[in-house]
Amino acid sequence: MKLRLISLLGLGLALAGSARADLTLLDAPAWKAQYAHAGYDSLADLPADTVLNGPLQRQAGRHGYQVDSTQHALYGFADGQGGLTLSTEAVLDRLELNSFSAGVTGLAGWVSALDLFGESREHVLVQLNLTDVLGASFQRVLELSFEPLFLGLHSTAALQSVSFSVLDHGALGHLSYVSPAFGGLWLSDGQDGPGQNVPEPAPLALLGLGLLALALQRRKTPAA
């Protein structure tokens with residue numbers, strides 16, 4: 001699957017400044033070649049189709065991390081493969097990963113933008129924000145379509161935080177109530193054990209129409 005980025009020529013990006021690390025965006029084959037031994041968190045132990053109060057303390061192999069929504073709670077959708085796609089409860093929230101174990105330089109996952117039913121929407125713009133332990137920051141806009149997008153990150157400095165937020169809700173505009181989400185997470189410091197393949201995500205299950213009223217109440221837009 002191709003990694004589609006707005007205003008990006010090539011996948012390699014260098015962060016300016018003498019004290020700043022080099023950051024590279026990787027598609028699935030490049031990630032697998034660079035981090036074949038990454039630890040994986042399928043999120044499968046979390047309950048699906050329910051509100052999840054953060055922050056959640058997680059493990060990807062021997063690497064720890066924390067995930068949270070910046071304003072409200074998290075929400076998990078079953079991914080059809082025994083795992084979970086983790087989203088935010090409110091549409092304007094930012095989904096943030098932080099508190100990584102020391103030395104983690106590689107991160108990857110399937111990024112998507114989900115509506116009230118856990119379905120991916122078309123032409124949604126999501127902003128990626130990354131900060132490393134040297135204080136360097138990185139921002140890029142991703143264009144997401146119906147299928148989840150594999151996003152791999154490689155940094156020459158340890159990661160401090162990575163977050164996703166929706167900038168544009170696509171063809172349906174605000175009526176689509178789209179929130180950022182990721183399904184499964186790989187972390188590595190480049191010194192891990194036996195490798196794993198990168199599985200393709202199954203189509204996200206459509207929730208019943210009878211849950212629409214409940215979903216509308218749950219996936220609220222925060223007041224200005």
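Let's begin inside: the largest nonpolar core has 37 residues, and Tyr65, Val67, Leu86, Phe100, Leu107, Leu128 and Phe182 touch the most other members. Here a nonpolar core is a set of buried Ala, Val, Leu, Ile, Met, Phe, Trp, Tyr and Cys residues joined through side-chain atoms within 4.5 Å. Buried means under 20% relative accessible area, exposed over 50% and partly exposed in between, with a 1.4 Å probe and protein chains only. This is a predicted model, in which local features need pLDDT of at least 70 and side-chain atom pairs count only at pLDDT 80 or more, while totals for chains, interfaces and linings use all residues. Residues are numbered from 1 along each chain as its sequence is written, and side-chain values use heavy atoms, with hydrogens and water left out.

Leaving aside neighbours within four places in sequence, Phe182 is in contact with Leu43, Tyr65, Val67, Leu84, Thr85, Leu86, Leu95, Leu97, Trp110 and Val111; contact means heavy atoms within 4.5 Å.

Phe150 leads us to the aromatic rings. The structure holds five aromatic pairs. Rings of Phe, Tyr and Trp (its six-membered ring) pair if their centres lie within 6.5 Å; planes under 30 degrees apart count as stacked, over 60 as edge-to-face and the rest as tilted. Trp110 and Phe150 make an edge-to-face pair, 5.3 Å centre to centre with 70° between the planes. This pair links distant parts of the chain, with Trp110 in strand β10 (residues 106-114) and Phe150 in strand β13 (residues 149-155), 40 residues apart. Strands (E, at least two residues) are DSSP runs, numbered from the N terminus. Trp110 counts as buried because its relative accessible area is 5%, and Phe150 is buried too, at 1%. Ring pairs link Tyr40, Trp110, Phe150 and Trp186 into a cluster.

Now for the strands. An open sheet of six strands runs in the order β5-β6-β9-β14-β11-β12, with antiparallel pairing; two strands pair if DSSP finds at least two bridges between them. Its edge strands, β5 (56-60) and β12 (137-144), each pair on one side only. Within the sheet, β6 (residues 63-69) is joined to β9 (residues 95-98) by four bridges, and Ser69 has Leu95 as its bridge partner in β9.

Leu142 is buried because its relative accessibility is 0%. Leu142 and Val166 are 24 residues apart in sequence, and their C-alpha atoms are 9.5 Å apart in space.
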